[in-house]
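Colleague: I am new to this structure and would like to learn how to read its features. Could we go through them in turn?

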Amino acid sequence: MIPRLITIYFLSQIDLSNTFRIVSYTQNEQSFVPGQTLSLTCKSNSAWEFCLWKHTNSDYKEVGVRDCLMEWKRAKGGVSVEKCHAELTDRVSISGDYDNQECGLTITGLEVEDGGSWECEMEEYKFGDWASGSKHSQNISVSVEYKTTTTTATTLQTTTETETTEKFIE
């Protein structure tokens, strides 16, 4: 009975406010036109090891889920893209500052299909390969649409009446 009470006491003293979580992220809704550049960033409250960006677009179901996985590796000297969807590979670069717990993705040459939901999933850094850290995610909505403009033209029509007089000479 006493060991159980001691365990309950210690568990009650754990500060859950320090659990790994995303504390800030890129503005929730963003609008772009094709060809522009999109920068997405998530920031956690402590070091992360894995950061996965997942993209879905319900209007383009044939595209499916596209993702880019980044990993922080001390041996490699920082953050690297471990894998990225073939349609994104040539247009994606890492952004954000790892020392400030940021995970960022920059996509150039936006296409209409890039609109939709972008999810940032960050996993807490744990030393060693035998342990996984806790995960937290955040969704960001992105709209990529052609801008339509309406042009109104007004035509001014002027009508001139001419009076003709005929004179007969005899």
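This is a predicted model: local features need pLDDT of at least 70, side-chain atom pairs count only at pLDDT 80 or more; totals for chains, interfaces and linings use all residues.

Colleague: Let us begin with the disulfides. How many are there?

Modeller: One looks for cysteine sulfur atoms within 2.5 Å of each other. Here the count comes to two disulfides. Cys51 is joined to Cys103, with an S to S distance of 1.9 Å. In the other, the sulfur atoms of Cys68 and Cys84 are 1.9 Å apart.

Colleague: Which parts of the chain does the link of Cys51 and Cys103 connect?

Modeller: Cys51 belongs to strand β4 and Cys103 to strand β8, and the two are 52 residues apart, so this pair links distant parts of the chain. Both cysteines are buried. The angle about the S-S bond is -95 degrees, and the link is left-handed.

Colleague: And where do Cys68 and Cys84 lie?

Modeller: Cys68 is in strand β5 and Cys84 is in strand β6, 16 residues apart. Cys68 has 1% relative accessibility and counts as buried, because the limit for that word is under 20%. Counting bonded cysteines along the chain, the disulfides follow the pattern 1-4, 2-3.

Colleague: Now the strands. Which strands pair with β3?

Modeller: For pairing, one looks at the bridges and at the direction in which the strands run. Strand β1, residues 22-25, pairs with β3 in the antiparallel sense over three bridges. Ile22 has Ser44 of β3 as its bridge partner. β3 and β8 also run antiparallel, and six bridges join them. In that pairing, Cys42 stands opposite Cys103 in β8.

Colleague: Which residues of β3 are on its covered face, and which are on the uncovered one?

Modeller: Leu38, Leu40, Cys42 and Ser44 make up the covered face. Ser39, Thr41 and Lys43 make up the uncovered face.

Colleague: What is the size of the largest nonpolar core, and which residues have the most contacts inside it?

Modeller: To read a core, ask which residues belong to it and which elements supply them. The largest nonpolar core has 25 residues, and Trp53 and Met122 have the most contacts inside it. The elements that give two or more residues to this core are β3 (38-44), β4 (48-56), β5 (66-73), β8 (102-107), β9 (116-124) and β10 (135-144).

Colleague: Turning to charged side chains, how many salt bridges does the structure hold?

Modeller: The structure holds seven salt bridges. For each one, check the distance, then the places in the chain that the pair connects. Take Lys54 and Glu121, whose closest N and O atoms are 3.9 Å apart. Lys54 is partly exposed, with a relative accessible area of 25%.

Colleague: What does the salt bridge of Asp67 and Lys83 tie together?

Modeller: The closest N and O atoms of Asp67 and Lys83 are 3.7 Å apart. Asp67 is in strand β5 and Lys83 in strand β6 (residues 78-84), so this pair ties together parts that are 16 residues apart in sequence. Lys83 is partly exposed, at a relative accessible area of 45%.

Colleague: Are Asp114 and Arg91 buried or exposed?

Modeller: Both Asp114 and Arg91 are buried. They form a salt bridge in which the closest N and O atoms are 2.8 Å apart. Asp114 is in the loop between β8 and β9, while Arg91 is in the loop between β6 and β7 (92-95), 23 residues away. Arg66, Glu87, Arg91 and Asp114 are linked in a network of salt bridges.

Notes:
Residues are numbered from 1 along each chain as its sequence is written. Side-chain values use heavy atoms; hydrogens and water are left out. A nonpolar core is a set of buried Ala, Val, Leu, Ile, Met, Phe, Trp, Tyr and Cys residues joined through side-chain atoms within 4.5 Å. Buried means under 20% relative accessible area, exposed over 50%, partly exposed in between (1.4 Å probe, protein chains only). Helices (H or I, at least four residues) and strands (E, at least two) are DSSP runs, numbered from the N terminus. A salt bridge is a side-chain nitrogen of Lys or Arg within 4 Å of a carboxyl oxygen of Asp or Glu. Two strands pair if DSSP finds at least two bridges between them.
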